[in-house]
Amino acid sequence: MAKISGKGMAVMVAVVLLVGVGSLAYSGVLSGLFKKSPAESANAAGVAETSDAVRIPLTALDSGKALFLSMEAEGRQLFYFALKSPDGAYRAALDACDVCFRTNRGYRQEGDQMVCNNCGQKFACDKIGEVKGGCNPHPLARGIEGQYLVIQKADIAAGKEYFARKRS
């Protein structure tokens, strides 16, 4: 058996570490470490807030990826998301449901589905806002004004009871 020098061992360890970290990053295990906060996402997407509404540029949603946002109301951080579903409709919902909201874990997007981070149930993106109750994302009223999806802050704030606990 050949003896490996200290320098050779260091190179081998470095290669193994790089391959391991690369594999973890590719698999998505490390994505939570680099995830943008809702405020960073809103800023990057060009979201504009007025005293009574949130205005999301439609172009920020055209990729079909959910844009996760938040706002504060009465001392609570309220979470919601907006997206353009596969059927071409712009949709919005609280990042909470009628069943699992007490855990305040919200949803994640996997392709054309939103997945509850608590129970794992999956919901088609093109049904958001159409199907209510159970573990479906709680719908938010929204409208299109020019090139913006507009959500009234009062509608988001009306869901404050879904966010009684802090999100970890």
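Visitor: What makes the space in the largest cavity a cavity?

Guide: About 50 Å³ of space lies in the largest cavity. It is called a cavity because, on a 1 Å grid over the protein atoms alone, it is a set of points where a 1.4 Å probe fits but cannot get out. For the volume, grid points are joined across faces, edges and corners, and the space filled by probe spheres set on the points is taken. The structure holds one cavity of 30 Å³ or more. A word on the source: this is a predicted model, where local features need pLDDT of at least 70 and side-chain atom pairs count only at pLDDT 80 or more, while totals for chains, interfaces and linings use all residues. Residues are numbered from 1 along each chain as its sequence is written, and side-chain values use heavy atoms, with hydrogens and water left out.

Visitor: Which residues line the largest cavity, and what makes them lining residues?

Guide: A lining residue has an atom within 4 Å of a point. The largest cavity has 13 of them, and Ala 96, Cys 100, Phe 101, Arg 105 and Gly 106 lie nearest its centre. Strand 5 gives the most to this lining, with three residues. By class, six lining residues are nonpolar, four polar and three charged. Here Ala, Val, Leu, Ile, Met, Phe, Trp, Tyr, Cys and Pro count as nonpolar, Asp, Glu, Lys and Arg as charged, and the others, Gly among them, as polar.

Visitor: What makes strand 2 and strand 11 a pair?

Guide: Two strands (DSSP E runs of at least two residues, numbered from the N terminus) pair if DSSP finds at least two bridges between them. Strand 2 and strand 11 have five bridges in the antiparallel sense, so they pair. Ile 56 stands opposite Leu 149 in strand 11. Strand 1 (residues 48-49) also pairs with strand 2 in the antiparallel sense, over two bridges. In that pairing, Glu 49 stands opposite Val 54, and three residues lie between the two strands of the hairpin.

Visitor: Why are strand 1 and strand 10 called edge strands?

Guide: Four strands form an open antiparallel sheet in the order 1-2-11-10. Strand 1 and strand 10 (143-145) each pair on one side only.

Visitor: What makes a group of residues the largest nonpolar core?

Guide: A nonpolar core is a set of buried Ala, Val, Leu, Ile, Met, Phe, Trp, Tyr and Cys residues joined through side-chain atoms within 4.5 Å. The largest such set has 26 residues, of which Val 47, Ile 56, Tyr 80 and Ile 156 touch the most other members. Several elements each supply at least two residues, including helix 2 (38-45), strand 2 (53-57) and strand 4 (76-84). A second, separate core of 13 residues includes Phe 81, Tyr 107, Met 114 and Cys 135.

Visitor: Which residues does Val 47 contact beyond its neighbours within four places in sequence?

Guide: Contact means heavy atoms within 4.5 Å. By that rule, Val 47 is in contact with Ala 42, Val 54, Arg 55, Ile 56, Pro 57, Leu 67 and Leu 69.

Key
Buried means under 20% relative accessible area, exposed over 50%, partly exposed in between (1.4 Å probe, protein chains only). On a 1 Å grid over the protein atoms alone, a cavity is a set of points where a 1.4 Å probe fits but cannot get out, and a pocket is an open set with protein on both sides within 12 Å along at least five of seven lines; lining residues have an atom within 4 Å of a point.
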